[in-house]
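Please keep the sequence and the structure in view while reading.

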Amino acid sequence: MTIKRYGTGQTGAGKQALPFARAVEANGWLHVSGQVAMENGEIVGGGVIAETRKTMENLIAILDEAGYGLEDVVRVGVWLDDPRDFWSFNGVYAEYFGANPPARACVQSSMMVDCKVEIDCVAYKAPVTA
């Protein structure tokens with residue numbers, strides 16, 4: 001089994017090195033690290049709706065880089081800073097997953113950066129055999 005890592009050597013806020021991969025692929029499984037609404041090292045403003053959209057865009061970019069799409073996502077983990085944001089978050093989230101949503105857990109949590117939402121996921125595509 002080979003393991004492929006995506007996005008190592010990235011930097012976060014304050015140009016600090018991030019000691020993890022953005023995603024790791026093994027045997028058809030892609031584990032995407034938690035994503036936030038970060039752009040150019042800063043969290044985008046605009047509240048939970050804008051942050052959810054940017055977070056999903058960041059997640060999709062990593063899936064795309066690895067050759068996966070939202071249709072391949074089997075599980076999502078969501079952390080919300082404020083439980084009162086749940087319905088606003090859920091409305092945006094539904095726009096992305098539509099009629100075929102993955103399994104999901106959603107919890108309230110204090111965040112390590114100043115954001116309102118963090119999302120990670122696991123995707124699967126059957127390995128291509130030669």
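## Overall fold

The protein chain contains 2 helices and 8 strands, where helices (H or I, at least four residues) and strands (E, at least two) are DSSP runs, numbered from the N terminus. In sequence order, these elements follow the pattern β-β-β-β-β-α-β-α-β-β.

This is a predicted model, in which local features need pLDDT of at least 70, side-chain atom pairs count only at pLDDT 80 or more, and totals for chains, interfaces and linings use all residues. Residues are numbered from 1 along each chain as its sequence is written, and side-chain values use heavy atoms, with hydrogens and water left out.

## Size, burial and surface

The C-alpha trace spans about 50 × 40 × 20 Å along its principal axes.

Of the 130 residues, 38% count as buried. Here buried means under 20% relative accessible area, exposed means over 50%, and partly exposed lies in between (1.4 Å probe, protein chains only). The protein chain exposes about 7,600 Å², of which carbon and sulfur atoms supply 51%; these areas come from the Shrake-Rupley method with a 1.4 Å probe, and for residues only the protein chains shown count as cover.

Contact means heavy atoms within 4.5 Å. Among contacts between residues at least 6 apart in sequence, 68% join residues at least 24 apart.

## Two residues compared by setting

Met56 lies in helix H1 (residues 47–65). Met56 counts as buried because its relative accessibility is 0%. Leaving out residues up to four places away in sequence, Met56 touches Leu70, Tyr96, Phe97 and Ile119. Leu80 is 24 residues from Met56 in sequence, and their C-alpha atoms are 14 Å apart.

Ala103 belongs to strand S7 (residues 103–108). With a relative accessible area of 46%, Ala103 is partly exposed. Apart from neighbours within four places in sequence, Ala103 is in contact with Val74, Arg75 and Val76. Between Ala103 and Leu63, which are 40 residues apart along the chain, the C-alpha atoms are separated by 17 Å.

## Charges and salt bridges

The protein chain has 11 positive and 16 negative charges, and their mean positions are 3 Å apart. Lys and Arg count as positive and Asp and Glu as negative, while His and the chain ends are not counted. The place of a charge is taken as NZ of Lys, CZ of Arg, CG of Asp or CD of Glu.

Side chains of opposite charge can pair when their charged atoms come close. A salt bridge is a side-chain nitrogen of Lys or Arg within 4 Å of a carboxyl oxygen of Asp or Glu, and by this rule the count comes to 4. One of them joins Lys54 to Glu39, with the closest N and O atoms 3.3 Å apart. This pair links distant parts of the chain, as Lys54 is in helix H1 and Glu39 is in strand S4 (residues 38–39), 15 residues apart. Lys54 counts as buried at 16% relative accessibility, whereas Glu39 is partly exposed at 40%.

Another salt bridge is formed by Glu95 and Arg53 (2.7 Å, N to O). Here too distant parts of the chain are linked, Glu95 being in helix H2 and Arg53 in helix H1, 42 residues apart. Glu95 counts as exposed at 52% relative accessibility, and Arg53 is partly exposed at 31%. Arg84 and Asp82 also meet in a salt bridge (2.7 Å, N to O); Arg84 is exposed, at 72% relative accessibility.

## A buried charge without a partner

Asp85 sits in the loop between strand S6 (73–80) and helix H2 (86–97). Asp85 is buried yet has no salt bridge, and Lys116, the nearest side chain of opposite charge, is 4.8 Å away. Beyond residues up to four places away in sequence, Asp85 touches Val48, Leu80 and Lys116.

## Positive phi angles

Asn27 is not a glycine, yet its phi is positive, near 55°. Asn27 lies in the loop between strand S2 (23–26) and strand S3 (29–35) and is partly exposed at 49% relative accessibility.

Asn40 also has a positive phi near 55°. Asn40 is found in the loop between S4 and strand S5 (42–43) and counts as exposed at 69% relative accessibility.
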